[in-house]
Amino acid sequence: MSTISREEVARLAGLARIDLSDSELTRLAGELDVIVQAVAQVSAVATDDVPATSHPLPLTNVMRPDVVTDPLPVADAVAAAPAAEGDRFAVPQILEED
Amino acid sequence: MAADLTRRSAADLATALQAGEVSSVEVTQAHLDRIAAVDPLVHAFLYVSAEQALDTARRVDARRAAGEDLHPLAGVPVAVKDVVVTKGIPSTAGSRILEGWIPPYDATLVERLKAAGMPILGKTNMDEFAMGSSTEHSAYGNTHNPWDLDRIPGGSGGGSAAAVAAFEAPLAIGTDTGGSIRQPAAVTGTVGTKPTYGGVSRYGLIAMASSLDQAGPVTRTVFDAAMLHAVIGGHDPRDSTSLSDPLPDLVGAARLGATGDLTGLRIGVVHELNGEGYQSGVRARFDEALDLLRGAGATVVEVGCPSFTSALAAYYLIMPSEASSNLARFDGMRFGLRVEPVDGPVTAERVMAATRGAGFGDEVKRRVILGTYALSAGYYDAYYGSAQKVRTLIQRDFAAAFAQADVLVSPTAPTTAFKLGEKLDDPMAMYLNDVATIPANLAGVPGISVPAGLDAGLPVGFQVLAPARADDRLYRVGAALEALLEAQWGAPLLTQAPELEVTR
């Protein structure tokens with residue numbers, strides 16, 4: 001199995017939207033390499049004829065009566081926001097342009 | 001009087017409350033006093049909700065005085081792990097990213113505690129987002145094992161286990177994704193149950209790995225665990241994975257087990273969850289417990305579950321993959337921490353990365369990045385896909401084993417409590433603590449840990465696993481073992497724990 005380089009950790013951190021310091025990148029690269037080598041054995045035991053299981057006790061077609069219930073009040077929902085204006089969440093600009 | 005109240009089981013307190021021998025305010029205040037006296041040493045609690053607890057207690061006392069028909073546990077206080085949301089009471093899941101967050105709603109299990117009239121003493125410490133086996137990954141400091149304050153209380157629910165072990169609460173709620181109820185129970189000499197997946201609603205649990213997470217009781221006696229499980233369990237339409245089946249008679253099973261008669265019961269010893277890697281004293285206590293169960297009329301057979309040797313590997317792919325997805329909600333937009341980047345444009349994406357970089361601790365970063373790797377293009381089939389296949393193999397092993405035995409047993413954890421800091425620099429060594437508890441989560445089956453004695457003065461846990469939906473068997477076998485062991489010891493194991501120095 002491939003080893004995880006510092007550059008690979010930086011790429012993954014970008015995908016996961018987590019800023020990491022230089023020392024964190026170096027440390028994580030070493031740690032993840034050890035962990036990935038330990039867990040890679042799963043591909044050896046999982047042969048083609050074994051189906052995958054995503055859920056321990058599968059349930060299908062979970063339904064509930066189509067009854068209107070009270071949602072969370074808007075004031076409660078925005079009360080814990082880092083920033084809000086009226087009944088809306090205030091967020092930074094979405095696109096990186098002027 | 002006050003000291004005596006904190007030593008009593010929840011069942012005893014419930015009886016005394018019903019008989020009017022003591023009030024809920026007295027019981028609740030006794031536990032709040034105990035928290036004030038010993039929590040500076042133990043640090044089981046992140047938040048103590050004294051006012052709310054006493055308010056609930058006063059209302060229960062008034063309703064009882066008015067002759068109302070109350071739940072048997074009405075007035076008995078409970079502590080709740082901080083990963084469970086509580087309306088109006090801070091809930092951080094042990095993370096900086098949720099510091100000071102006050103949820104606008106209650107988890108279903110909290111609603112059920114409140115409906116039963118149980119005062120909530122506070123929120124217990126845990127590894128950040130339940131990621132850990134020692135509670136050392138909490139952003140708010142370590143919890144100390146009441147048996148030896150230099151040692152870990154287990155994790156992730158070390159706070160709940162330490163709280164009941166230190167007599168700060170008669171009952172507590174935990175959550176178990178890979179052993180976070182059972183392993184802390186084992187190393188603190190307490191009882192902890194992971195119910196069948198879907199047996200207790202996940203609505204209002206701050207999710208780590210949704211296909212594995214399950215809440216359950218943390219107590220000092222098997223009977224108390226059955227009673228608390230019965231309060232919080234059962235179908236909830238707000239959790240689409242909640243089982244619609246009625247709960248089995250858990251309390252009745254505990255009562256039956258306490259007679260100490262297991263005639264006709266078939267017990268399977270899991271070959272793969274014993275032997276190499278298990279501390280010799282842990283194995284000795286396990287073997288002695290087996291002898292007692294045999295003496296009570298049970299038949300003991302050995303069962304093989306060959307795929308269990310891959311369970312840890314599969315778990316450390318499935319859990320981080322699900323966690324990396326679940327934790328995407330911590331984006332600094334709607335709740336919790338928001339950090340702006342030091343320089344450059346302040347865009348949503350960069351705020352999210354800065355917030356998560358500052359708000360997540362080391363273990364959370366490690367697992368989110370591991371999960372991102374396992375799910376990324378080119379690796380998905382080899383890692384996540386293969387791990388899901390291993391999950392199928394583990395389920396098949398359980399099915400075959402349960403054809404030969406009514407319950408399966410093993411030591412709960414391979415070692416007793418280790419020293420704080422001992423495994424912090426070696427993530428793989430830390431992960432191995434859950435080797436015996438993880439298979440149950442992958443298959444969705446229920447498990448309990450019951451105290452089995454001491455090794456060099458530290459508690460050892462005995463794990464019982466049952467088929468899905470047969471949680472009652474855990475309580476029957478657990479209560480029998482507890483009764484047989486306590487007959488030998490002459491008292492509950494926790495009476496052998498050192499007295500904590502009380503700070504005043």
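The model is predicted. Chain B contains 17 helices and 11 strands. Its radius of gyration is 21 Å, close to the 23 Å that the globule rule gives for 504 residues, so chain B is as compact as a globular protein of that length. The contact between the chains takes 57 residues from chain B and 46 residues from chain A.

**Overall form of chain B**

- The C-alpha trace of chain B spans about 65 × 55 × 45 Å along its principal axes.
- Of the 504 residues in chain B, 63% are buried.
- Among contacts in chain B with a separation of 6 or more, 76% are between residues 24 or more positions apart.

**Nonpolar core**

- The largest nonpolar core has 182 residues, and the members that touch the most other members are Val78(B), Val84(B), Ala226(B), Ala314(B), Leu317(B) and Ile369(B).
- Helix α11 of chain B, residues 311-326, gives the most to this core, with 10 residues.
- Leaving aside residues up to four places away in sequence, Val78(B) touches Leu113(B), Met118(B), Ile120(B), Leu121(B), Ala169(B), Leu171(B), Ala172(B) and Ile173(B).

**Contact between chain B and chain A**

- On the side of chain B that touches chain A, the elements giving two or more residues are α11, α12 (348-359), α13 (362-375), α14 (381-404) and α15 (427-431) of chain B.
- Of these elements, α14(B) gives the most to that side, with 11 residues.
- By class, the side of chain B that touches chain A has 32 nonpolar, 17 polar and 8 charged residues.

**Helix packing in chain B**

- Helices α11(B) and α13(B) pack with their axes 7 Å apart, at an angle of about 100°.
- These two helices, α11(B) and α13(B), are therefore roughly perpendicular to each other, given that angles of 65 to 115 degrees count as such.
- From α11(B), the residues Leu317(B), Pro320(B), Ser321(B), Ala323(B) and Ser324(B) meet Arg367(B), Val368(B), Leu370(B), Gly371(B), Thr372(B), Ala374(B) and Leu375(B) in α13(B).
- The residues of the contact of α11(B) with α13(B) comprise 7 nonpolar, 4 polar and 1 charged.

**Helix packing in chain A**

- Helix α1 of chain A (residues 6-15) packs on helix α2 of chain A (residues 22-39) at an angle of about 105°, with their axes 8 Å apart.
- The helices α1(A) and α2(A) are therefore roughly perpendicular to each other.
- Arg6(A), Val9(A) and Ala10(A) in α1(A) meet Leu25(A), Thr26(A), Leu28(A), Ala29(A) and Leu32(A) in α2(A).
- By class, the residues of the contact of α1(A) with α2(A) are 6 nonpolar, 1 polar and 1 charged.

**A buried loop residue: Ile206(B)**

- Ile206(B) is located in the loop between β5 (191-194) and β6 (215-219) of chain B.
- With 27 other C-beta atoms within 10 Å, Ile206(B) is buried; the cut-off for this class is 20 or more.
- Not counting residues up to four places away in sequence, Ile206(B) touches Val83(B), Val85(B), Ala93(B) and Phe129(B).
- From C-alpha to C-alpha, Ile206(B) and Leu317(B) are 20 Å apart in space, and they are 111 residues apart in sequence.

**Backbone features in loops of chain B**

- Gly155(B) and Ser156(B) are joined by a cis peptide bond, with omega of about 10°.
- Ser156(B) has its place in the loop between β3 (120-124) and α6 (158-165) of chain B.
- Ala130(B) is also found in the loop between β3 and α6 of chain B; although Ala130(B) is not a glycine, it has a positive phi of about 65°.
- Ala130(B) is buried, with 29 other C-beta atoms within 10 Å.
- His43(B), likewise not a glycine, has a positive phi of about 55° and lies in the loop between α3 (24-42) and β1 (45-48) of chain B.
- His43(B) is buried, with 22 other C-beta atoms within 10 Å.

Methods:
Residues numbered from 1 in each chain as written. Chains lettered and ligands numbered in written order. Predicted model: local features only at pLDDT ≥ 70, side-chain atom pairs only at ≥ 80, totals over all residues. Helix = DSSP H or I, 4+ residues; strand = E, 2+ residues; numbered from the N terminus. Rg over C-alpha atoms; globule rule 2.2 N^0.38 Å. Buried ≥ 20, exposed ≤ 12 C-beta atoms within 10 Å, placed from the backbone. Contact = placed C-beta atoms within 7 Å. Axes fitted to C-alpha atoms, helices over the stretch in contact; angles between N-to-C directions. Parallel < 35°, antiparallel > 145°, perpendicular 65-115°, else oblique. Nonpolar A, V, L, I, M, F, W, Y, C, P; charged D, E, K, R; others polar. Core = buried A, V, L, I, M, F, W, Y, C linked by C-beta atoms within 7 Å.
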